[in-house]
Amino acid sequence: MEEEYSLENAKAFILNKFTEQGDFLILPSDVLDAMLTRVMALDEEFMEKSGVNDGAEYDDDAAFDALFETMTKEFPDQKMYCMRFVDDYLEYSEQYLDSIGAIEWE
């Protein structure tokens, strides 16, 4: 059974994954939270612009490029972490969607 998507639950799930992984715990918690909040908003913008919300297929590579470009500009002090951060975010976001039954695998 598919659960309804919840922004709060998604953020908590993804933040927990980042915490379990541990690589970004060197960042102050407010910075990690700000980065996660922003990347989630950027991902939503990407999905809206690319038509994913209307049924188009999600292009992981295009999403990565779009999110990475903006994150490096908006978080210049964390620029060296952004590639890994965005990549991990996309993986954890997919895991969340899969956990609630929101992904249809072909």
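This is a predicted model: local features need pLDDT of at least 70, side-chain atom pairs count only at pLDDT 80 or more; totals for chains, interfaces and linings use all residues.

Colleague: What span does helix α4 reach from its first C-alpha to its last?

Modeller: Helices are DSSP runs of H or I with at least four residues, numbered from the N terminus. The expected span is 1.5 Å times one less than the number of residues. Helix α4 covers residues 79-99, and its 21 residues reach 30 Å, close to the 30 Å expected.

Colleague: Where does α4 bend?

Modeller: A bend is the angle between axes fitted to the seven residues ending at a position and the seven starting there. In α4 the angle is about 25° at Phe 85. After the helix comes Gly 101, with a positive phi near 75°.

Colleague: Which residues of α4 are buried, and what covers them?

Modeller: Buried means under 20% relative accessible area, exposed over 50%, and partly exposed in between, with a 1.4 Å probe and protein chains only. An α-helix has 3.6 residues a turn, so residues three or four places apart point the same way. The buried residues of α4 include Cys 82, Phe 85, Tyr 89 and Tyr 96. Their cover includes α1 (7-21), α2 (29-50) and α3 (60-74). By contrast, Glu 94 of α4 is partly exposed, because its relative accessible area is 35%.

Colleague: Is Thr 72 buried or exposed?

Modeller: Thr 72, in helix α3, counts as buried because its relative accessible area is 13%. A polar atom of its side chain lies 3.0 Å from the backbone oxygen of Glu 69. Contact means heavy atoms within 4.5 Å; leaving aside neighbours within four places in sequence, Thr 72 is in contact with Lys 79 and Cys 82.

Colleague: Which residues touch the most other members of the largest nonpolar core?

Modeller: Such a core is a set of buried Ala, Val, Leu, Ile, Met, Phe, Trp, Tyr and Cys residues joined through side-chain atoms within 4.5 Å. Among its 28 residues, they are Val 39, Met 71, Phe 85 and Tyr 89. Two or more residues come from each of α1, α2, α3 and α4, and α2 gives the largest share, nine residues. Beyond neighbours within four places in sequence, the contacts of Val 39 include Leu 67, Met 71 and Phe 85.

How values were computed:
Residues are numbered from 1 along each chain as its sequence is written. Side-chain values use heavy atoms; hydrogens and water are left out. A polar contact is a pair of N or O atoms within 3.5 Å; within protein, one must be able to donate a hydrogen and the other to accept it, and residues adjacent in sequence count only if both atoms are side-chain atoms.
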